[in-house]
Amino acid sequence: MATDWASGLEVSRWAKELSVEVGKEIYFSKFMGEGPGSAIHVKQVEEGVGKDVTFGLVLQLTGSAITGDSTLEGNEQDLATYANTVSLNQKRLAVRDTGRFENSKVLYNFRSTALDLLKQQYAELIDADIFSALTQTSGTHAYVRADSSDGATYASSDPKAALAGTDKITLADISAMKTIAKLGGAANYKIRPVRVDGEDYYVLVVHPEVAYDLFELDEFQQIQREAQVRGNSNPLFSGALGIYNGVVIHSHEGVSTFNDGGGSGGTVKGSRNIFMGAQAACFADNGAMNWIEKTFDYGNQLGISAAKIFGVGISDYNNKDYGVIQYMTARTDL
């Protein structure tokens, strides 16, 4: 029955299954990988490593090759690496059934239902933490603001107050961000692309209402009719709206929005869309999830708690963003 204790092996199985299922549900999983070439750099860490986890941020080599028989020794390039620190924390959730009598009235398995609900909530929690990390506004960050009068406007401080209702997404802005990513800017280093099958790509994640505005552009519709994402099995392309100029465009409701753009007392509805390259964020994972069961009221009720230790942070160094640009646009309020 639902309120029976599970054995140690059963608890271990439920914990393992929850960990696997959460991984499947995380939206950002398509961008995650255990290496500096992924948009979300994942590092698996063991218990007892402490609170902080250090990631190495890898810069591209810029030196010139030695030609002919010229001396190479003494002309080696230094690997330019920066350190980025992510703090771990434990996050717990729990559910409890209503009791043995109520359980007898319904045809569902409490543990299976708890698994389904907890996996969804944990995935949403992890995704929300990643979105939050990528759209920090305190300190210096790299922004590109859509500007219907002058085109894309680059800034190193939050440009929300300058946003107008007509400043919606444009294809020219996407090209501008790719150029800024390749060259670097006042608030961002050169952003390395994500490489897939020998090709370089950047990623743009927009709010669904911004995606609506994108599909209102005749030029974008024509480009997608002629060159849609077809048949590529790499997760980077899964669910993509399309590709423009080497930028894979995705949409997700977790992208941060606001209703007060345009200055003090403003009413411009906008979105903090995310343009990413390699190592836009770092994700420290402290292993499998924890599943604990406990009975209450003399065994009449069963409670299940789940816990996971992880940490996520934007990649930055010396007050400059490493792999992300916040793309600020107005959005249609649907």
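**A tour from the whole chain to one glycine**

Of the protein's 334 residues, 45% count as buried, meaning under 20% relative accessible area, with exposed set at over 50% and partly exposed in between (1.4 Å probe, protein chains only). The model is predicted, so local features need pLDDT of at least 70 and side-chain atom pairs count only at pLDDT 80 or more, while totals for chains, interfaces and linings use all residues. Residues are numbered from 1 along each chain as its sequence is written, and side-chain values use heavy atoms, with hydrogens and water left out.

Start with the whole chain in cartoon. The C-alpha trace spans about 75 × 60 × 45 Å along its principal axes. Six helices and 19 strands are present; these are DSSP runs numbered from the N terminus, helices being H or I of at least four residues and strands E of at least two. Among contacts (heavy atoms within 4.5 Å) with a separation of 6 or more, 75% join residues 24 or more positions apart.

Next, select helix 3 (110-134). A nonpolar core is a set of buried Ala, Val, Leu, Ile, Met, Phe, Trp, Tyr and Cys residues joined through side-chain atoms within 4.5 Å. This core has 48 residues, of which F28, F31, L134, M276 and W291 touch the most other members. Other suppliers of at least two residues include helix 1, strand 13 (268-276) and strand 16 (301-314).

Centre on F28. Leaving aside residues up to four places away in sequence, F28 touches I40, D127, I130, F131, L134 and M276. Then show I169, L214, Y244 and I325, which are among the 24 residues of a second, separate core.

Now move to the largest pocket, with about 240 Å³ of space. On a 1 Å grid over the protein atoms alone, a pocket is an open set of points where a 1.4 Å probe fits, with protein on both sides within 12 Å along at least five of seven lines; lining residues have an atom within 4 Å of a point. Its volume is the space filled by probe spheres set on the points, which are joined across faces, edges and corners. Select S19, G23, I26, D285 and K308, which lie nearest the centre among the 16 lining residues. Helix 1 (8-25), strand 2 (40-44) and strand 14 (281-285) each supply at least two lining residues, and helix 1 gives the most, with three.

End on G23, in helix 1. G23 is partly exposed, with a relative accessible area of 33%.
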